[in-house]
Amino acid sequence: MKVLRFILGVLVAGIAAGCSHHSSFSGKDGSNSWPLFRGDASLSGYTSTRLPSKPVLLWSFKSDTRTVSSPIVYGLVTYWCDRRGKIRGVDQTGEQIFEYNLETAVEATPMIHDSVLYIGRIDGYMTALSLTQQDTLWTFETWGQISASPNITPFGDTEAVVFGSYDNLLYCVDTRTGKELSSFESGYYLNGAAALWNNHVIFGGCDSWLRIIDTHTGVPTDSILLEAYIPASPAIWDNYCYVGDYSGNIYEIKLEKGKIAQHTTLRKAAGGDGSFVSVPALSADAVFALLDDRQLYAINRKDGSIRWKYLLKGNVGESSPVISYDKVIVCTKTGIVSILDARSGQLLWKYDTGEQIVGSPAVIQDHFYILTTRGTLFCFGNNPKK
C-alpha cells in the first residue's frame, strides 16, 4: 500500500513544472514576520534584523498550559499551540486576539503561509486552519504522530506543505486541497523538520540517514549515512548544509545539482563532551551550535576552527540559537535567555525567565519573543520610556 502511494505521488509530481526556492517565505532579509520554526524555509535561524540595543521586558502573557512549541509571528501577532491542542494568537500589546481548539494533543510548532496556519498533531493529522475564517480548511491523515514543524515548497502550479511523520514517511501535500502530491518512505520515523534548498528538501531521521528529495518528482537524489541518529533538523546556507548527530558530530555538506558534492565532519565528537539535539544557526561565515555539554560553539565555516565557545548555566535542553545580524540569542532549559556578540562571544545581555525553555526565539523588527514550557510568552524590545 505504501509503495502504491509513493508511485502515485511520483506520477503526479512528474507532471508538475519546475520549482525553485520560495524566496518570499524567508526571514533572512529582516521583516515583521517569523512565519515558521527557525524563521525561513532553509531553517538557517538567521535574520538581518537587529536586536534591540538594550532589551527590556515589554510584557508577558501567561496561558498556564504547557507547550513545547516555538513562537511564530505573522501580521504582528504571535502564535503557538499548547500540548492540549489550543492555538493562541497574542498581539503586540500582549492581548490574546485569537484562539482555536484542535481538541487533540500537539507538540509541533505551527507554520503560517498566506493567512493559513498549518500544524501537525500527535494523532497523525496535518491540519490547515484559516486565520481569517477561524475554521479548518482540511486535514490530512498519516499513520503516525507528527512532532515537527512543516515547511512549504512550490510544486508545479501549486504549493506543497512538506512534513515528516512517525509512520516513516515524508509527505508533500497540496496547500489548497490537502491532497497528497508525493511521499517518500524512510527507514525510521521522522522527528525533525525538512529544510528547503532550491527544488529539493533535505531531512534527517532516526535511522542516521540524511536524505535529499527532488520536489519535482518526489524521488530521492542522494543520501549520506551519519555516525549516529539525527534528532533535529538540518540548516542550509546557500549551497551548504549543516547538521548534527546525537553523538555530537557536526557535518558540513556541499550541495550541487541535487547531489552531495562533498562532505566533511566540521566538528568531531570527543568522548563525554555532549550530544547535539538542536538545530545549528548559520551566518555567512560561522556555524553556531549548542551542545548538551552546556557550551555554545561558534565554528568558522571556512576551516572548522572554533572561533569561541561560551559556557551556559544549567541544562541547555533542545532550544536552537538564532543569529540576529551580529548577535546570537540563545535559551536554556533552565530558563535563561542570553545575547552574545557573534564575533567575539562576549555576553551582552541576560534574562532569567524563571521557567523552562525548549522552543527557539522568534525575532522581528524591534522585538523578540520567548515562549516557555509553562506557556508564558515574553516580549522584549527597546525601552519605550527612552
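I began with β5 (residues 86-90) and β6 (residues 96-101), which run antiparallel and are joined by five bridges. Strands here are DSSP runs of E with at least two residues, numbered from the N terminus, and two strands pair if DSSP finds at least two bridges between them.

This is a predicted model, where local features need pLDDT of at least 70, side-chain atom pairs count only at pLDDT 80 or more, and totals for chains, interfaces and linings use all residues. Residues are numbered from 1 along each chain as its sequence is written, and side-chain values use heavy atoms, with hydrogens and water left out.

Next I followed an open sheet of four strands, ordered β7-β8-β9-β10 with antiparallel pairing. Its edge strands, β7 (111-113) and β10 (135-141), each pair on one side only. On average, neighbouring strands of this sheet are turned by 20 degrees against each other, direction ignored; the axes are lines fitted to C-alpha atoms. Within the sheet I checked β8 (residues 116-120) against β9 (residues 125-130): they pair antiparallel over five bridges. V116 is opposite S130 in β9.

Last, I looked up R267, which belongs to strand β22 (residues 259-267). Is R267 buried or exposed? R267 is buried, at a relative accessible area of 7% (buried means under 20%, with a 1.4 Å probe and protein chains only). A polar atom of the R267 side chain lies 2.6 Å from the backbone oxygen of G248.

Notes: Buried means under 20% relative accessible area, exposed over 50%, partly exposed in between (1.4 Å probe, protein chains only). A polar contact is a pair of N or O atoms within 3.5 Å; within protein, one must be able to donate a hydrogen and the other to accept it, and residues adjacent in sequence count only if both atoms are side-chain atoms. Axes are lines fitted to C-alpha atoms, for helices over the stretch in contact, and angles run from 0 to 180 degrees between N-to-C directions.
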